[in-house]
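Visitor: Take me through one part of this model in close detail. Start with the terms, please.

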Amino acid sequence: MAQVKRLFVDGLFGQTHVRIARPDVVKHPPFVCLHMFPQSGRNFAKFVAAASTDRVVLAPDFPGHGESDSLDTPIAAEDYARSIWAAVDRLGTLEQTGQVDLFGIHAGAKLAVEAACQRPQHVRKIVLSSAAVLNPDDVAEFREAFSPKPLDEAGTRFTHWWALITQGRKEYMTLETCAEAFAEVLRGGEKYEWGHAAVFDYNLRFPRQLKSLTQPVALLNPKDELYEKTLRTLDYLKDVQLFDLPHWSHGYIESFPHEVADLVCGWLDDARPDTRTATARPVVSNV
């Protein structure tokens, strides 16, 4: 397990903050981890260390999130994906193997798909978690739920987000973990919902982008609010293995980094996954 270091690289929208671990012996392509909105690469802070036994693992903060520079104006989902490629290029991540594996969760899953569509020749395999296909009514509902809340003396924005983070939490997700996630939301200031807005705009294109993927995909489906909607993704992928994760929900990557690393890296390396932590279903092939 390599030491996790934090650094900044010049990107398309100012500087990009990256967590990265580089082991002494590298046997597999680099692994790029893309966080949910409006949080940061902190989602993967422990996972980066756990997964880096024999591969370079990095978790960038998207522009306007975490410690990456703030945005001057809203950008599109395609721009967020391009910003990740800019960081990968700046770090020289492709120099050894010419390809990376991608791991995206929630909004990061949508952006992992977009990144793969932008540069398919540079993506070997893709891991998606809570990668929901949304219909127009779903999008309208989520837009309402995640519309920016103005600041007021009653702290409405803060109580709203604390409720979102803590509702339905599993016993493994401590209040300290919730507080860390809450702090990441606050980093965005008055721009904290720009990322969600971009991905909501992207949702109606998402199924078409899924259909265009040629890479093998592992679909992780924890029991969160996107559980049923994530199953719709199976209808659009040509080469996919579904991992049903009914005992996990939000915060599972932060709480079980080693178990998730064993599962995900096992799939990446074509090893048998640990079925004690996930119910693996057969490969599903759809056109």
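Guide: Buried means under 20% relative accessible area, exposed over 50%, and partly exposed in between (1.4 Å probe, protein chains only). The model is predicted: local features need pLDDT of at least 70, side-chain atom pairs pLDDT 80 or more, and totals for chains, interfaces and linings use all residues. Numbering runs from 1 along each chain as its sequence is written, and side-chain values use heavy atoms, without hydrogens or water.

Look at strand β7, residues 217-222. Strands (E, at least two residues) and helices (H or I, at least four) are DSSP runs, numbered from the N terminus. In β7, 6 of 6 residues are buried. One side carries Val-217, Leu-219 and Asn-221; the other carries Ala-218, Leu-220 and Pro-222.

Next, the neighbours. Strands pair if DSSP finds at least two bridges between them. Strand β6 (residues 123-129) runs parallel to β7, with 4 bridges. Ser-129 has Leu-220 as its bridge partner in β7. Strand β8 (residues 240-245) is also parallel to β7, joined by 6 bridges. There, Pro-222 partners Leu-245.

Now take Asn-221, in β7. Its relative accessible area is 0%, so Asn-221 is buried. Beyond four places in sequence, its contacts (heavy atoms within 4.5 Å) include Leu-226, Tyr-227, Phe-243 and Asp-244.

Finally, step back to β6. A salt bridge puts a side-chain nitrogen of Lys or Arg within 4 Å of a carboxyl oxygen of Asp or Glu. Arg-124 and Asp-101 form one, at 2.8 Å, N to O. Arg-124 lies in β6 and Asp-101 in strand β5 (residues 100-105), so the pair ties together parts 23 residues apart in sequence. Arg-124 is partly exposed at 24%, whereas Asp-101 is buried at 0%.
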